[in-house]
Amino acid sequence: MAAFMSMGEAHRRITEYLNRFSDAVSSQDGKSLSRLFFISSNSSFLLSLSDALNTFQDASRVIRQSECSQYSDLLLPLFRAFQSYKLNNLVETYQAFEKSANSFIQEFRNWESAWALEALYTVAYEIRILAERADRELASMGKTPEKLKGAGSFLMKVFGALASKGPKRVGALYVTCQLFKIYFKLGTVHLCKSVTRSIETARIFDFEEFPLRDKVTYMYYTGRLEVYNENFPTADQKLSYALAHCDPQKEGNVRMILKYLIPVKLSIGILPKSLLLEKYNLNEYSNIVLALRRGDLRLLRSALQEHEDQFLRSGVYLVLEKLELQVYQRLMKKIYIIQKQKDPNKAHQIKLDLIVKALKWLEMDMDVDEVECIMSILIYKNLMKGYFAHKSKVVVLSKQDPFPKWTGKPGNL
C-alpha cells in the first residue's frame with residue numbers, strides 16, 4: 001500500500017517530471033527524454049510520479065503553468081497512462097499511451113535532427129509491450145485481444161516517419177524489428193514482406209549504417225522467415241550473421257538464434273558438435289544429430305515425437321521431419337562401406353533385400369516395394385548416384401562419388 005502523500009509533495013513531483021521533460025527537449029538529450037516514457041521500467045521515479053498524479057487530480061493546470069505547456073497534447077495522455085499503469089488498468093494504460101505516442105511522433109517529425117531517436121525507440125518498445133499486456137487483460141475478461149494489432153498499425157506510421165532521407169532513417173531498422181516481434185506473435189508473418197522490401201530495396205537505406213544491435217535482430221527474424229520458406233542457403237546466411245555478431249555474453253540470445261540455425265545446418269548436411277548443444281541447453285537436438293550420424297530412422301522419429309510440442313511451437317518441426325531423406329542416405333552409405341569391406345568388387349551393387357534387413361534390424365518394417373520407392377527418391381533428389389536393375393532388385397551405385405553432399409531443400413517422402 002502506497003504511503004500517504006501530501007498535495008504539496010504531489011505537486012513537487014509532477015513539477016520535477018515536467019522540468020526534466022523541458023530540460024531534455026531544450027538540451028536535445030534523447031537518452032534523458034527516453035527515460036520519461038519508459039512506463040514498464042517500474043523505475044522509482046516514475047512510480048512516485050504515478051502516486052503523485054493519483055493524489056493531485058489537476059495535473060493539466062500544472063502543465064499549463066509550466067514551460068511544457070506546448071506539449072500538453074503529449075503529456076496529458078501520458079500522465080493518464082502513468083496513473084492507469086499504477087492502478088493495473090492495462091487496457092486504459094495502452095489507450096492513453098498510444099494517444100501520447102501519436103503526439104510524440106508529430107513532434108518528432110518537426111524536430112530537424114535525429115536527437116530524439118532514443119526516445120522514439122522507447123516509445124516503439126513500450127507501445128508493443130503495453131499492447132501485449134493489454135491484450136492479456138482483454139483475454140482474461142473474455143474480450144477480443146486487439147491492441148497488439150493496433151500497435152502494429154501505429155508502428156507502421158512510425159516507420160513511415162523514418163523512411164526518408166536524413167539522419168532519422170537509421171531508426172527504421174529498430175522499428176522494423178518491433179514490427180517483426182508483433183507479426184510473429186500474432187501469426188501474421190506475411191506482413192513482414194512489405195517492411196523487408198523497403199529495408200532491402202529502398203535506396204534511402206544503407207544496411208551498414210544501422211546499429212549492430214538492430215542488424216542482429218533483423219537478421220534473426222528474416223532468417224526465421226527464410227526457414228519458413230525453406231530457403232535454407234539464405235536462412236543459413238542470415239542466421240549465421242546474427243550468430244557471428246551477437247554478444248556472446250548474452251547466452252539467451254545466442255540460444256534463440258541457434259534454435260533456428262541448427263535445423264538449417266542439419267538441412268544442408270552440417271551437424272553441430274555435442275559441446276555446443278550442451279553449452280546452450282539445446283539437448284532436444286542431440287538424438288536428431290545422433291540419428292543422422294548413425295542413419296537411424298527409428299531414433300529420428302522417436303526424437304521428433306518426444307519433442308514434438310517444442311518443435312511445433314518453434315516452427316521447425318516440418319523442417320526436422322524432412323531430415324528422413326538424409327537418414328536414409330546415411331544408412332545407405334553405411335551399408336555401402338560395410339559391403340565394400342567384404343567384397344570391394346561388388347560394393348556398388350546393393351540388393352534391396354539387404355536394405356530391408358538393415359531396416360528390420362532398426363525395427364522399421366518395410367517391404368521391397370517401399371524400399372525401392374525410397375531409393376528412387378534418393379536418386380531423384382541427387383542424394384545418391386545410381387540406377388535400378390529392376391529384374392534383379394539391385395541398386396547399382398555410381399563408382400565415383402555415389403553419395404553427393406546434401407545442398408538442396410529437404411523433400412517429402
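Predicted model: local features only at pLDDT ≥ 70, side-chain atom pairs only at ≥ 80, totals over all residues.
The relative accessible area of threonine 122 is 11%, which is under the 20% limit, so the residue is buried.

Helix H7 (117–140) is also among the elements that give two or more residues to the lining of the largest pocket, the others being H2 (30–35), H9 (172–186), H11 (212–228) and H13 (251–267). The pocket holds about 650 Å³ of space. Its lining consists of 25 residues, and Lys181, Arg213, Thr217, Lys250 and Asn253 lie nearest the centre. H11 provides the largest share of the lining, with 7 residues. By residue class, the lining comprises 12 nonpolar, 6 polar and 7 charged residues.

Aromatic pairs number 22. In one of them, the ring centres of tyrosine 17 and phenylalanine 45 are 6.2 Å apart and the ring planes meet at 10 degrees, so the pair is stacked. Arginine 20 lies over the face of phenylalanine 45, 3.7 Å from the ring centre. A further placement of this kind involves lysine 168, which lies over the face of phenylalanine 108 at 4.7 Å from the ring centre.

One aromatic cluster is formed by Phe159, Phe180, Phe184, Phe205, Phe207, Phe210, Tyr218, Tyr220, Tyr221, Tyr228 and Tyr260.

Terms used:
Residues numbered from 1 in each chain as written. Heavy atoms only, no water. 1 Å grid on protein atoms, 1.4 Å probe; cavity = no way out; pocket = protein on both sides within 12 Å on 5 of 7 lines; lining within 4 Å. Points joined across faces, edges and corners; volume = space filled by probe spheres on them. Helix = DSSP H or I, 4+ residues; strand = E, 2+ residues; numbered from the N terminus. Nonpolar A, V, L, I, M, F, W, Y, C, P; charged D, E, K, R; others polar. Buried < 20%, exposed > 50% of the residue type's maximum accessible area, 1.4 Å probe, protein only. Phe/Tyr/Trp six-rings, centres within 6.5 Å; stacked < 30°, edge-to-face > 60°. Lys NZ or Arg CZ within 6 Å of the ring centre and 35° of its normal.
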